[in-house]
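Subject: Structure handover

Hi,

Here is the structure I promised to pass on.

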Amino acid sequence: MSNQRSGLVAEEKQALLAAIVSSSQDAIVSKTLKGVITSWNPAAERLFGYKEREVLGKHISLIIPEDRIHEEDFILEQIGRGQRIEHFETVRKAKNGTLIPISLTISPVFNERKEIIGASKIARDISEMIASKLEKERLYEEVNVLSRKKDEFIALAAHELKTPITSLRGFMEVLQLHATADSLQAGLLERCVRQTNKLTTLLNDLLDVSRLQIGKLLLRCEKFDLVAMVQEVLSGFTHSARHRFIFKNKKPVVIYADRIRLEQVLTNLLNNAVKYTPAGGTVTIKMREAAGKVYVSVRDEGLGIEPEHLTKIFNQFYRAVDPGANISGLGIGLYISKEIITRHGGTIGVKSRKGSGSVFVFSIPKQYQQ
Ligand code: ADP
């Protein structure tokens with residue numbers, strides 16, 4: 001194919017190349033193998049402050065800070081061996097003495113006989129990139145400090161609030177001893193005890209969140225029957241006439257795990273099932289074993305969850321409830337549950353459709369391995 005037919009002739013190519021170099025936003029400089037500058041484009045003029053005529057024939061060390069002169073030896077040595085240097089982050093000195101952080105890409109230049117006769121380098125000003133990286137690091141550190149402060153505050157506040165609540169609980173128990181059965185006082189005291197228990201659970205959850213942050217939530221494993229544990233937890237719910245509970249498993253399923261923490265997970269799933277299911281709905285718990293694992297599911301007939309929230313509801317403080325729905329909660333129960341299950345080497349997940357109820361399933365190995 002002739003040059004005409006294949007595209008540009010050599011002269012046109014040369015002109016095009018010159019136009020590209022001249023209009024480039026990056027500084028493009030070429031030099032001999034001895035470091036003598038042989039070309040200097042307008043972007044180099046803007047970046048380093050020297051006009052082309054001031055630098056042609058001068059040594060490249062003109063723009064290299066004294067403490068970086070050794071870099072040039074390394075660069076020329078690499079180029080002499082025909083190797084390219086990519087994205088080499090360094091600093092160069094402008095005419096007015098300003099130090100400019102740049103990213104250099106340097107390639108050897110060959111003559112027609114394929115001999116290396118020099119180097120061409122593209123220098124990109126990365127001051128803005130470095131400034132924004134530093135700013136991001138500063139913001140990240142600031143957010144971390146604030147987040148640690150928030151965790152410390154939550155832990156402290158929860159701890160301080162627990163003390164008076166424990167006293168209240170004690171006083172109520174004494175009053176309960178003196179209240180005659182079936183009296184108005186007995187009924188009211190019972191409700192007070194239930195509310196203080198709720199408060200204690202909330203505070204314990206908040207304490208757990210801060211324990212999780214600092215990796216202090218430890219598992220205390222023991223051997224126990226999971227079926228008996230589910231029945232026991234359920235007995236705390238079945239007094240509610242608002243929902244029906246179904247759990248048919250009878251045969252013991254003995255596991256080695258942290259009983260108290262698993263009770264906490266199940267209680268949380270049942271509390272949610274009840275909280276997000278209108279009165280009259282059924283909550284079904286199922287358990288099955290497979291491949292050394294035990295699977296527990298809690299199905300409800302409640303509000304269900306929109307698909308976009310499904311992966312996020314296990315995040316800390318995430319709530320998927322409509323603010324107008326007036327359903328209380330802190331958005332930490334599922335986060336803690338997930339952490340507990342993960343620490344057991346298990347998994348937890350949910351399937352749900354808006355308006356059609358939800359099913360939460362967790363699985364853990366029957367034998368927790370430390
Ligand atoms: P909380 O219930 O205190 O908001 P959780 O961490 O237990 O916090 O749950 C996170 C969110 O997941 C809830 O705010 C709710 O939007 C959604 N959710 C959890 N369980 C159910 C459920 N059974 N049915 C519908 N939504 C649920």
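**What I found**

Let's start with a lysine in a loop: Lys248 sits between strand 7 (244-247) and strand 8 (254-257). Before going further, please keep in mind that this is a predicted model. Lys248 has a relative accessible area of 66%, so this residue counts as exposed. Lys248 is also part of a positive surface patch, which it forms with Arg244, Lys286, Arg299 and Lys351.

If you want to find it on the model, go to helix 2 (residues 10-23), where Leu17 is located.

Gln78 belongs to helix 5 (residues 69-80). Is Gln78 buried or exposed? Its relative accessible area is 13%, and the cut-off for buried is under 20%, so Gln78 is buried. Setting aside neighbours within four places in sequence, Gln78 is in contact with Gln83 and Ile85.

The other one is Asp208, in helix 7 (residues 184-213). Asp208 has a relative accessibility of 3%, so it counts as buried as well. Which residues does Asp208 touch, if those up to four places away in sequence are not counted? They are Leu217, Arg261, Gln264 and Ile336.

Now for the backbone. Most residues other than glycine have a negative phi. With that in mind, take a look at these two:

- Lys114 has a positive phi, near 65 degrees. You'll find Lys114 in the loop between strand 4 (99-110) and strand 5 (116-125), and at 68% relative accessibility it counts as exposed.
- Ala291 also has a positive phi, near 45 degrees. Ala291 lies in the loop that runs between strand 9 (282-290) and strand 10 (293-299). With a relative accessible area of 80%, Ala291 is exposed.

On to the salt bridges. How many does the structure hold? The count is 21, and I picked out a few for you.

Glu339 and Arg343 pair up through their side chains, at 3.5 Å from N to O. Both are in helix 10 (residues 333-343), and because they are four residues apart there, about one helical turn separates them. Glu339 is partly exposed at 24% relative accessibility, and Arg343 is partly exposed with a relative accessible area of 27%.

Elsewhere, salt bridges with shared partners link Arg68, Glu71 and Arg92 into one network. Within it, the closest N and O atoms of Arg68 and Glu71 are 2.8 Å apart. Arg68 is partly exposed at 25% relative accessibility, whereas Glu71 is buried, with a relative accessible area of 8%.

One more pair is Asp151 and Lys150, whose salt bridge has its closest N and O atoms 3.3 Å apart. Here Asp151 is buried, at 11% relative accessibility, while Lys150 is partly exposed, with a relative accessible area of 33%.

Cheers

Conventions: Residues numbered from 1 in each chain as written. Predicted model: local features only at pLDDT ≥ 70, side-chain atom pairs only at ≥ 80, totals over all residues. Heavy atoms only, no water. Patch = residues over 30% accessible without salt bridge, like charges linked within 9 Å, V, L, I, M, F, W, Y side chains within 5 Å. Areas by Shrake-Rupley, 256 points an atom, 1.4 Å probe, with all protein chains shown as cover. Salt bridge = Lys/Arg side-chain N within 4 Å of Asp/Glu carboxyl O. Lys, Arg positive; Asp, Glu negative; His and termini not counted. Charge placed at Lys NZ, Arg CZ, Asp CG, Glu CD. Helix = DSSP H or I, 4+ residues; strand = E, 2+ residues; numbered from the N terminus. Buried < 20%, exposed > 50% of the residue type's maximum accessible area, 1.4 Å probe, protein only. Contact = heavy atoms within 4.5 Å.
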